[in-house]
Amino acid sequence: MDPAGALRDALGPVTGALVRALGDFELAEDVAQDAAVSALERWPAEGVPDNPRAWLLTVARHRAIDRWRREARLRALLPRLDAAEPARDDRLSLLFTCCHPALAREAPVALTLRAVCGLTVAEIARAFLTGEATIAQRIVRAKRRIVATGIAFRVPAPEHLAVRLDEVLAVLYLLFNEGYLASAAAERPDLAADAEWLTAELATLMPGEPEPLGLLALIRLHGARRATRFDARGALRPLRAQDRSRWDHAAIAAATGLVVRAGRMGRPGPYQLQAAILACHAEARSWEETDWLQIVLLYDELLRRAPGPVARLNRAIALRYVAGPERALAEVDALADALGGYHLLHATRAELLRALGRPAEARRADERALALTANPAERALLEQRLA
Amino acid sequence: MKYLFLFCGTVEQMREYETLREEELAARLGAVRGWFETYGDRVTTSGRLQLPDAATTVRHRTGDAPLVTDGPFMEGHEVIGGLCVADVPELDDALAMARDWPGGGTIEVRPFMAG
């Protein structure tokens with residue numbers, strides 16, 4: 001295994017074991033990161049050790065002893081380090097701790113990437129096109145806040161689980177979206193891969209929960225169409241124009257299987273429903289043969305549970321093929337207040353106006369959409385339509 | 001860990017209690033009393049405060065005598081209407097209590113310093 005991959009697999013469990021043993025998130029994360037830095041210095045030259053977790057724990061223990069010489073408080077904690085062994089759900093506890101709703105809104109994603117995925121501050125800063133100092137400060141503040149507010153290091157008790165799981169799923173979904181359709185780059189495959197990896201871990205560790213499976217299916221259904229998302233010049237290719245023979249049909253079948261498995265648990269939720277909608281698209285042989293009625297019904301169900309203007313906009317796109325472009329346009333226009341600053345509202349209006357034979361208005365809507373997005377692949381698509 | 005709960009609301013929300021019909025007031029107060037009963041083993045101190053116009057502020061100044069003024073020290077849209085202190089294992093327990101609060105308004109949950 002390559003050093004970076006081995007480190008990524010080992011660091012989360014090791015950090016988790018240290019947090020559990022020491023009961024101090026900030027300290028544990030610091031010594032784990034020190035160990036990770038040593039690993040990145042030595043593994044490429046010396047080779048990955050047989051047991052990377054044990055190697056990291058030993059180095060982390062030495063770092064803690066170094067600090068102990070400087071700090072009296074550690075003296076009492078030190079014996080606990082000998083008992084530190086990565087347990088199965090340490091990484092899951094870490095994920096829940098990093099995604100606590102009491103942390104600053106922008107903290108969970110950065111903290112998760114750092115503590116659970118083992119990314120460096122520099123890598124996180126690159127991924128979010130932010131300065132290293134900003135990210136480092138964000139992480140330091142979040143770690144202090146975990147300690148100060150009394151956020152516990154463990155998978156939440158059953159009575160707190162529902163509200164906390166939602167938060168974790170939201171962070172993973174955000175991470176995936178940032179990777180899949182980044183705000184300023186065409187895509188960030190590494191972030192999308194991290195989101196998929198974490199969601200798969202979550203689904204494995206919580207086999208009785210359907211929503212992690214739903215999110216995993218959603219991520220993999222998007223991933224199965226990756227090869228056709230962009231044209232040769234890097235412009236976003238709309239679903240309708242994608243070559244469906246180039247989709248990964250084995251991956252689609254497997255992900256659809258996840259949706260079915262989640263569905264059998266009898267607790268539908270927003271991620272399962274979104275995955276089911278994607279599965280409808282992925283299984284259709286062509287845009288025209290898509291089961292639009294089923295998609296509209298799934299959106300109705302989604303909106304009942306998670307009302308939101310973006311889902312309503314997507315429902316309107318499907319409604320066009322069930323009830324005609326005029327009805328769809330009326331729906332879209334009703335969302336103008338809520339989504340006036342969202343480029344896809346205007347891009348959708350443009351398509352509907354063109355279908356209704358109103359090209360001048362369509363052009364104005366496309367221009368409005370173009371002014372509202374910075375993503376280069378989406379801009380290229382809109383520019384083609386305006387050319 | 002010990003947490004302070006500050007129950008906040010607008011002055012209008014607090015005055016609304018004065019205009020309620022008797023049975024509705026009794027129902028609301030009953031719900032709040034029920035909350036304190038439910039969490040009785042965790043709440044160590046609690047109390048309802050009079051409106052902020054009953055407050056007096058004493059402000060210390062360097063090199064000058066303390067200044068005493070009428071009214072609250074901070075003019076804000078939302079004011080503190082009551083407080084309680086609860087001793088619970090972790091933040092999630094405190095947040096679950098705050099979510100469960102039947103009295104409406106906004107609740108600030110803040111941990112005490114250790115020691």
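## Pocket in chain B

The lining of the second largest pocket draws at least two residues from each of β1 (2-10), α1 (11-19), α2 (22-38), β2 (43-48) and β5 (78-87) of chain B. Among these elements, α1(B) provides the largest share, with 5 residues. The structure described here is a predicted model.

In total, 25 residues line the second largest pocket, and its volume is about 620 Å³. The lining residues nearest the centre of this pocket are M14(B), Y17(B), R48(B), G81(B) and W101(B). By class, the lining comprises 11 nonpolar, 10 polar and 4 charged residues.

## Extent of the interface between chains A and B

The size of an interface is often given as the accessible area lost when the parts come together. For chain B and chain A, the buried area is about 840 Å², with 53% of it on carbon and sulfur atoms. Within the area that chain B buries against chain A, E90(B), L91(B) and D92(B) account for 57%, more than any other three residues.

Counted by residues, the contact involves 13 residues from chain A and 10 residues from chain B.

## Polar and charged interactions at the interface

Between chain B and chain A there are 5 residue pairs in polar contact, with both members at pLDDT 80 or more. On the side of chain B that touches chain A, helix α3 (residues 91-100) gives the most, with 6 residues. That side of chain B consists of 6 nonpolar and 4 charged residues, with no polar residues.

The interface of chain B and chain A contains 1 salt bridge. This salt bridge pairs R164(A) with D92(B), and their closest N and O atoms are 2.3 Å apart. D92(B) is also one of the three residues that together supply 57% of the area chain B buries against chain A.

## Salt bridges in the whole structure

Over all chains, the structure holds 29 salt bridges. One of the pairs lies within chain A, where the side chains of E196(A) and R220(A) form a salt bridge with an N to O distance of 2.9 Å. This pair connects distant parts of the chain, 24 residues apart: E196(A) belongs to helix α10 (residues 189-205) of chain A, and R220(A) to helix α11 (residues 210-223) of chain A.

Conventions: Residues are numbered from 1 along each chain as its sequence is written. Chains are lettered from A and ligands numbered from 1 in the order in which they are written. This is a predicted model: local features need pLDDT of at least 70, side-chain atom pairs count only at pLDDT 80 or more; totals for chains, interfaces and linings use all residues. Side-chain values use heavy atoms; hydrogens and water are left out. Contact means heavy atoms within 4.5 Å. Buried area is the accessible area (1.4 Å probe) that two parts lose on being put together, summed over both. A salt bridge is a side-chain nitrogen of Lys or Arg within 4 Å of a carboxyl oxygen of Asp or Glu. A polar contact is a pair of N or O atoms within 3.5 Å; within protein, one must be able to donate a hydrogen and the other to accept it, and residues adjacent in sequence count only if both atoms are side-chain atoms. Helices (H or I, at least four residues) and strands (E, at least two) are DSSP runs, numbered from the N terminus. Ala, Val, Leu, Ile, Met, Phe, Trp, Tyr, Cys and Pro count as nonpolar, Asp, Glu, Lys and Arg as charged, and the others, Gly among them, as polar. On a 1 Å grid over the protein atoms alone, a cavity is a set of points where a 1.4 Å probe fits but cannot get out, and a pocket is an open set with protein on both sides within 12 Å along at least five of seven lines; lining residues have an atom within 4 Å of a point. Grid points are joined across faces, edges and corners, and a volume is the space filled by probe spheres set on the points.
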